[in-house]
Amino acid sequence: MVIFGAVVVSAQEGGGAGLTIGFSQVGSESAWRTSFTQAVIAEAEARGINLLFSDGQQRQENQIAALRSFIAQGVDAIILAPVVETGWDEVLQEAADNQIPVVIVDRNVTADESLYITRVSSDFVHEGRLAAAWLVQATAGQCDIVELQGTVGSSAALDRQQGFNEVIALFPNMQIVQSQSGDFTRTNGKEVMESFLNAVDPSTICAVWSHNDDMLIGAIEAMKEAGIDPGQDILTISVDAIPDIFQAMVDGDANATVELSPNMGGPAFDAIVSYLAGEELPRWIPVAGGIYFPDTAAEELAARSGS
Ligand code: AHR
């Protein structure tokens, strides 16, 4: 128990003690995803929530099976972090038929809004716009860009791409010259970057726009192996703000990252508690993030890695 001034706060502050909540997670494809999982588990423990965790290993069928298992066990609520946008209608209807509230976290679904109680997430379109706005000012609106896309069919990839493209469309000398999915993983980011470097003359590439930091870390490796100085010869912009990207900035290998907060467990649990208490919820509970550059990278690295 902690005492703040006159207010007594128990370990279960925030509510939900005694609830059983199923959490279907995408997988562990990125460092961001792992810290998001850890944050949800820690928040559940602090609140005394019995969390049933399922790792979908990036496969929608695993996530649908997990949801059906949660429904069969009669959980009080479900938190779904969906791998892709489409294909959830049937299983969400099954949860609704069993009066089990579902909160969507992080990526979006195309299912009817009546099938879930709210969504806790960042604004992916805004992240894409922010990334492009930085690149516009860094290059005076002249840049041939290679793009590492996230998982095909995921709202994180679709919306970041939409936001980025909206902004660069305003600048006639900015264009995407190569674009392919690296599935949000380091290994694929490296392989796809290698293929870009073979497909076009590397000296004509001005920047790499990566839908997450992990793919960019892989791309940085590929550039170094090809004798290119990342962050100098080719500018970089990515999303997540994980400790490794701050290390890359400290090393002079990366230029900017748009933050995606992994702290969505608290708002998701709060939403469930409010819903079960009969309160009305907004359709969307936004999670904010900033944009970071090398000037504060050492500080951010120390703060985020606890070193
Ligand atoms: O859905 C959010 C994205 O998923 C993160 O940006 C990426 O790292 C993760 O895999």
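In the predicted model, an N or O atom in the side chain of aspartate 240 lies 2.6 Å from an oxygen atom of the ligand. Aspartate 106 places a polar side-chain atom 2.6 Å from a ligand oxygen atom. For arginine 33, the corresponding distance is 2.9 Å. A polar contact here is a pair of N or O atoms within 3.5 Å. The residues around the ligand include Glu29, Ser30, Trp32, Arg107, Ala156, Arg160, Phe184, Asn212 and Leu260; a residue is near a molecule if one of its heavy atoms lies within 4 Å of it.

The model is predicted, with local features requiring pLDDT of at least 70 and side-chain atom pairs pLDDT 80 or more, while totals for chains, interfaces and linings use all residues. Residues are numbered from 1 along each chain as its sequence is written, and side-chain values use heavy atoms, without hydrogens or water.

Helix 1 (residues 31-47) packs against helix 9 (residues 265-276) at about 45 degrees, with axes 8 Å apart. Val40, Glu43, Ala44 and Arg47 of helix 1 contact Gly265, Gly266, Phe269 and Asp270 of helix 9 (heavy atoms within 4.5 Å). By class, this contact has 3 nonpolar, 2 polar and 3 charged residues.

The axes of helix 8 (residues 243-250) and helix 10 (residues 297-305) come within 9 Å and cross at roughly 150 degrees. That makes helix 8 roughly antiparallel to helix 10. The contact of helix 8 with helix 10 comprises 7 nonpolar, 2 polar and 2 charged residues.

Technical notes:
Axes are lines fitted to C-alpha atoms, for helices over the stretch in contact, and angles run from 0 to 180 degrees between N-to-C directions. Helices (H or I, at least four residues) and strands (E, at least two) are DSSP runs, numbered from the N terminus. Angles under 35 degrees count as roughly parallel, over 145 as roughly antiparallel, 65 to 115 as roughly perpendicular and the rest as oblique. Ala, Val, Leu, Ile, Met, Phe, Trp, Tyr, Cys and Pro count as nonpolar, Asp, Glu, Lys and Arg as charged, and the others, Gly among them, as polar. A polar contact is a pair of N or O atoms within 3.5 Å; within protein, one must be able to donate a hydrogen and the other to accept it, and residues adjacent in sequence count only if both atoms are side-chain atoms.
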